[in-house]
Every structure is written in structure tokens, then in C-alpha cells.
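Here is a short briefing on one protein model. Keep the sequence and the 3D view open as you read.

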Amino acid sequence: MSTARIHPTVTAAAASAVSSRIKHHIRLLHNGGRRGIGRRNLTAVAMSAAVADPLQVCVKASVTVPNKLGDCPFCQRVLLTIEEKHLPYDMKLVDLGNKPEWFLKLNPDGKVPVVKFEEKWVSDSDVITQSLEDKFPEPPLSTPPEKASVGSKIFSTFIGFLKSKDPSDGTEQALHNELSAFNDYIKENGPFINGGKVSAADLSLGPKLYHMEIALGHYKQWSVPESLPYVKSYMQVKIFQIHQ
Ligand SMILES: N[C@@H](CCC(=O)N[C@@H](CS)C(=O)NCC(=O)O)C(=O)O
């Protein structure tokens with residue numbers, strides 16, 4: 001496994017924090033057997049479990065590769081949060097193209113991710129990650145309110161550009177503007193949104209940036225411009241790649 005390229009001017013403290021996280025994830029990868037942890041109902045054994053029973057987590061199954069996690073930034077956000085909190089979990093892969101009865105029974109909306117907390121299935125990644133923070137406060141992952149909205153418009157502008165059929169309608173420029181603002185922010189304040197430590201805002205944004213590049217690469221032959229090196233480095237942090 002290659003070493004993560006974090007930030008062109010990453011500090012020693014940040015590098016060491018990330019490297020211990022990478023070691024943690026390497027252990028998870030070995031437990032999972034391969035990148036992407038692709039076994040149904042896999043129990044991810046974390047290093048310092050704070051709960052006795054694994055959390056039950058339903059996530060999207062890949063549409064192309066059997067028994068592999070699918071492309072869902074909301075599911076990835078939840079899994080990354082659980083892993084950052086070193087909680088054990090059972091991952092149940094759901095075929096969203098043919099939703100099984102057992103899944104529709106526990107979540108009639110039919111959406112993933114869903115997580116079981118105290119016998120109750122909870123949906124929506126915002127609600128789930130907040131519940132994880134409340135129930136398992138260590139390590140704390142909250143992003144300070146004044147930084148919580150950093151990068152928050154990138155996903156909607158990406159969707160605008162993805163859906164656009166008119167190359168001159170300004171949607172590509174709108175996305176570029178948001179990414180450029182994020183590039184400047186990380187250059188000044190990084191390597192993460194809250195400085196040296198990963199926080200909830202990164203765990204939400206990282207998977208979305210990954211999906212942005214995959215989708216726009218596929219449909220528009222677009223990739224993050226070389227002129228935004230801090231965005232590129234941010235996307236390559238290993239913690240975001242564990243469930244890709
Ligand atoms: N706001 C929700 C969005 C979840 C969502 O849209 N999940 C998609 C997969 S990426 C889904 O379950 N789609 C299935 C469907 O709509 O039938 C969250 O943050 O969890």
C-alpha cells in the first residue's frame with residue numbers, strides 16, 4: 001500500500017496523526033481480506049471497540065461486483081465515521097435494484113444507509129452520524145460550527161454540472177469556483193477542514209469528492225484541474241479511500 005499524499009506542506013504532527021490512522025485501516029483491510037471490505041455481513045474488528053455488540057449497518061451493494069460495497073457517499077460517510085470511532089460493525093449489503101423484503105421491513109423508505117441503535121433502525125447519514133457522536137463521543141469528531149459549512153456547496157454544484165446539457169450554462173464554472181475556494185481554504189488551514197485532525201465535515205465531503213471525480217470523469221471526461229493541488233491532495237488521504 002502506498003503512503004498517503006496528504007498535503008504539499010503537511011506538518012509533522014498531522015502526518016503522524018494520519019499515519020497512525022493508516023495503520024489502523026491497514027489492519028482493517030487485512031481483517032476484511034481486500035480493499036473495499038467486500039464480504040457480506042462482515043464484522044469489522046476495530047482496535048479498541050467501545051461497544052460489545054457490533055453495530056448493524058445496511059449499505060448499498062455494488063451493482064457491478066458481487067458482495068462489494070456500492071457507490072454511495074452517504075453510506076461511505078457512515079462507515080468512515082464508525083471506523084474513526086473504532087466501533088465494530090456488521091455490514092449488510094443491500095441490492096437497491098431489487099430491495100429485499102427484510103430490508104423494506106426495517107426501512108420502508110428503501111434508502112441506505114440505515115443503522116440499528118438500541119433496537120431501532122435509524123436512516124439518513126446526517127441523523128446517523130449525529131447519533132454516533134452522541135452515543136460514542138470518543139474520539140470526538142464534531143466540526144466547529146464556524147467551519148462546518150466549508151466545502152458544503154461542492155456537492156450541489158457538482159450535481160448541477162453533472163445534469164447540465166449546455167456546456168456554456170456556467171455550471172462547470174460554478175463547480176470550479178467552489179473547488180477553488182476549498183483549495184485556498186485547505187492551503188491556508190489544512191490538511192483537514194478543522195486543521196490537523198479529521199472531523200465530521202471531512203468524512204462527509206471526502207466520499208462526495210470521490211464520487212464527483214468518478215461521475216464527471218465518466219460522463220464529462222472531467223477531472224479536478226491540476227491548478228487545484230490542495231483539492232487533489234485532500235482527495236488522496238487514505239481514510240477517504242478505505243471504502244472506495
Ligand atoms: N439524505 C440521505 C440520502 C440517502 C440516499 O439517497 N441513498 C441512496 C443511495 S446513494 C438510496 O438509498 N437510494 C435508493 C432509493 O432511493 O430507492 C442520507 O444522507 O443518508
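This is a predicted model. The protein averages a pLDDT of 83, and 77% of the residues score at least 70. Residues 1–50 are a stretch to read with care, with pLDDT below 50. Beyond near neighbours in sequence, residues 1–50 still have 84 contacts in the model.

**Overall build**

- The protein has 9 helices and 5 strands.
- Along the sequence, these elements follow the pattern α-β-β-α-β-α-β-β-α-α-α-α-α-α.
- The protein has 244 residues, and 33% of them are buried.
- Take the contacts between residues at least 6 apart in sequence: 71% of these join residues at least 24 apart.

**The largest nonpolar core**

- The largest nonpolar core holds 47 residues.
- Those with the most contacts inside this core are Val-57, Val-59, Cys-75, Val-78, Leu-79, Ile-82 and Val-112.
- The core lies between domain 1 (34–135) and domain 2 (145–241), because both domains give residues to it.
- What does Ile-82 contact, leaving aside its neighbours within four places in sequence? Its partners are Leu-55, Val-57, Leu-87, Tyr-89 and Leu-132.

**Around the ligand**

- The residues surrounding the ligand include Lys-60, Cys-72, Phe-74 and Leu-96.
- Gly-110, Lys-111, Val-112 and Pro-113 also belong to the ligand's surroundings.
- Asp-124, Ser-125 and Asp-126 are part of this shell too.
- By class, the shell has 5 nonpolar, 2 polar and 4 charged residues.

**Two cis peptide bonds**

- Most peptide bonds are trans.
- The bond from Val-112 to Pro-113 is cis, with omega near 5°.
- Pro-113 sits in the loop between helix 3 (101–106) and strand 4 (114–117).
- Pro-191 belongs to the loop between helix 6 (171–189) and helix 7 (200–220).

**Positive phi angles**

- Most residues other than glycine have a negative phi.
- Glu-118 has a positive phi, near 45°, and is not a glycine.
- Glu-119 also has a positive phi, about 70°, without being a glycine.
- Where is Glu-118 in the chain? Look in the loop between strand 4 and strand 5 (120–123).
- Glu-119 is in the loop between strand 4 and strand 5 too.
- Is Glu-118 buried or exposed? Glu-118 has 7 C-beta neighbours inside 10 Å, so it counts as exposed.
- Glu-119 has 5 such neighbours inside 10 Å, so it counts as exposed too.

**A spot in helix 7**

- Glu-213 lies in helix 7.
- Glu-213 has 16 C-beta neighbours inside 10 Å, so it counts as partly exposed.
- The cut-offs explain this label: a residue is exposed with 12 or fewer such neighbours and buried with 20 or more, so a count in between means partly exposed.
- Not counting residues up to four places away in sequence, Glu-213 touches Ser-223 and Val-224.
- Glu-213 and Ser-223 are 10 residues apart along the chain, and their C-alpha atoms are separated by 5.8 Å.

Methods: Residues are numbered from 1 along each chain as its sequence is written. This is a predicted model: local features need pLDDT of at least 70, side-chain atom pairs count only at pLDDT 80 or more; totals for chains, interfaces and linings use all residues. A nonpolar core is a set of buried Ala, Val, Leu, Ile, Met, Phe, Trp, Tyr and Cys residues joined through C-beta atoms within 7 Å. Domain bounds come from an automatic or database domain assignment. Two residues are in contact if their C-beta atoms, placed from the backbone, lie within 7 Å. A residue is near a molecule or strand if its C-beta atom, placed from the backbone, lies within 6 Å of it. Ala, Val, Leu, Ile, Met, Phe, Trp, Tyr, Cys and Pro count as nonpolar, Asp, Glu, Lys and Arg as charged, and the others, Gly among them, as polar. Helices (H or I, at least four residues) and strands (E, at least two) are DSSP runs, numbered from the N terminus. pLDDT is the predictor's confidence in each residue, from 0 to 100.
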